[in-house]
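Let's take a walk through this protein model, one spot at a time. Have the sequence and the 3D view open as you read.

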Amino acid sequence: MKLSAGIIGCGNISSIYLENLPKFADVKVVACADLREDVAARQAEAFGITAAGVNEILQRPDIGIIVNLTVPSAHAEVTLRALAAGKHVYSEKPLAVTSSDAATIVADASRRGLNVGVAPDTVLGAGLRRSRDLIDSGKLGRIVTGTATIFSHGMEHWHPDPEFFFKPGAGPVFDMGPYYIAALVQLLGPVKRLAALTSIGAETRTVTAKSPKRGTAIRVETPSTALAILHMENGAVISFGASWDVWRHSHPPIELHGTEGSIRVPDPNFFGGIIEVSERGQKWRKTDCGDLALGAPNWPADKPKHANYRGLGVADLASSILHGTPHRTSAEAGQHVVDVMNAILESGRTGQFINLPASTRPAALGENEARRLT
């Protein structure tokens, strides 16, 4: 048995979901919708499914899961509408823009007996699974400190319509931050408290991507740089940096240091990659995760370079519904990420340490179960 899914939101990210979801167990996509009917029709034709209106998808009795791929500012509204229609939901990141909306989603889903999942599902990929195994094995000792770094020069040079990236609810903290924060929580557990400084590097950005928006000036309305100190519940102190004001850098995505050694974790924006480990100051030793489930490069399709299995979180959600397996990409996990991101921006405004609500570390995904999801 497979649960039928309907996608709401047919923008850039929808293609990888539509390409990947047929490859997973327990779920199948039957329809898609977008406020732009022509966009939904094109995606439906390209992937052999039905185009429908948003209301129609929400009311269809054969659809059990709504995959919410709308823009971040609409995530909470669409998810709550889907819950009211009696549907389970999987949402692209973030779960919501505000902590209050995230809490409302968690409470509403619980009250209705429905499940909500949320990206990033990269935390279930081979790279982060193997990294977590190494940390939990004790080989590196107790993790004491480390860095998580998201540095680039923004989105306007490649995205055809990047204005929303620079508005409240986006920026590097809300757009890319979920990958790194969710990865840290998977590896180390929840964030206990934090402090941050934030800034806007340039008040306007100009679209340089080849698109009808090329040459358009965008007003930046959310911090384009944030530097935070995260005090993890397990005692580790992590430096977290997110910036779209950097032209070039040499920082690894995540580097963690324990009492017995150090680890460089693969890019949490993808599912595989190479792990580097140094035990007690020895040279870095590399391990390629390509031979593990959900770790082999598969994207771009013509010349695979990265492991990109987006949609895995939908399979994780479906498995939890059908088989009672742990729901690892849960709304509760997504709520903690939203709380952390909002606390970073709030601390940047106030200059104060902020304590985070209690949360838990999601259950690990083993290799055998990872293979069963495919």
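Leave out the neighbours within four places in sequence, and Asp26 is in contact (heavy atoms within 4.5 Å) with Met1, Lys2, Leu3, Ala318, Ser319, Leu322, His323 and Arg372. With Arg372 there is a side-chain to side-chain polar contact of 3.1 Å. A polar contact here is a pair of N or O atoms within 3.5 Å; within protein, one must be able to donate a hydrogen and the other to accept it, and residues adjacent in sequence count only if both atoms are side-chain atoms.

Asp26 sits in the loop between helix 1 (14–20) and strand 2 (27–33). Helices (H or I, at least four residues) and strands (E, at least two) are DSSP runs, numbered from the N terminus. Is Asp26 buried or exposed? Its relative accessible area is 7%, so Asp26 counts as buried. The cut-offs are under 20% for buried and over 50% for exposed, with partly exposed in between (1.4 Å probe, protein chains only).

## A note on the model

This is a predicted model, where local features need pLDDT of at least 70 and side-chain atom pairs count only at pLDDT 80 or more, while totals for chains, interfaces and linings use all residues. Residues are numbered from 1 along each chain as its sequence is written, and side-chain values use heavy atoms, with hydrogens and water left out.

Now look for Asp316, in helix 9 (residues 312–323). Asp316 is buried because its relative accessibility is 1%. Its side chain and that of Thr329 are joined by a polar contact of 3.0 Å. Not counting residues up to four places away in sequence, Asp316 touches Leu124, Pro326, His327, Arg328, Thr329 and Leu373.

Gly9 is in the loop between strand 1 (3–8) and helix 1, and it is buried too, at 6% relative accessible area. Beyond its neighbours within four places in sequence, Gly9 has contacts that include Ala33, Asp34 and Leu69.

## Where two helices cross

Which residues of helix 8 meet helix 10? They are Gly177, Pro178, Ile181, Ala182 and Val185, and on the helix 10 side they meet His336, Val337, Val340, Met341 and Ile344.

The axes of helix 8 (residues 177–188) and helix 10 (residues 331–350) come within 10 Å and cross at roughly 120°. Those axes are lines fitted to C-alpha atoms, for helices over the stretch in contact, and angles run from 0 to 180 degrees between N-to-C directions.

## Strand 7 and its partners

Strand 7 (residues 143–151) runs antiparallel to strand 13 (residues 254–258), and five bridges join them. Two strands pair if DSSP finds at least two bridges between them. In this pairing, Gly146 stands opposite Leu256 in strand 13.

Strand 7 also pairs with strand 12 (residues 237–243), this time in the parallel sense, over seven bridges. There, Phe151 stands opposite Ser243.

Most residues other than glycine have a negative phi, and most peptide bonds are trans. The bond from Lys93 to Pro94 is cis, with omega near -5°, and another cis peptide bond joins Ala119 and Pro120, with omega about 10°.

Arg280 has a positive phi near 50° and is exposed, at 62% relative accessible area. Leu294 has a positive phi near 60°, but Leu294 is buried, at 6%.
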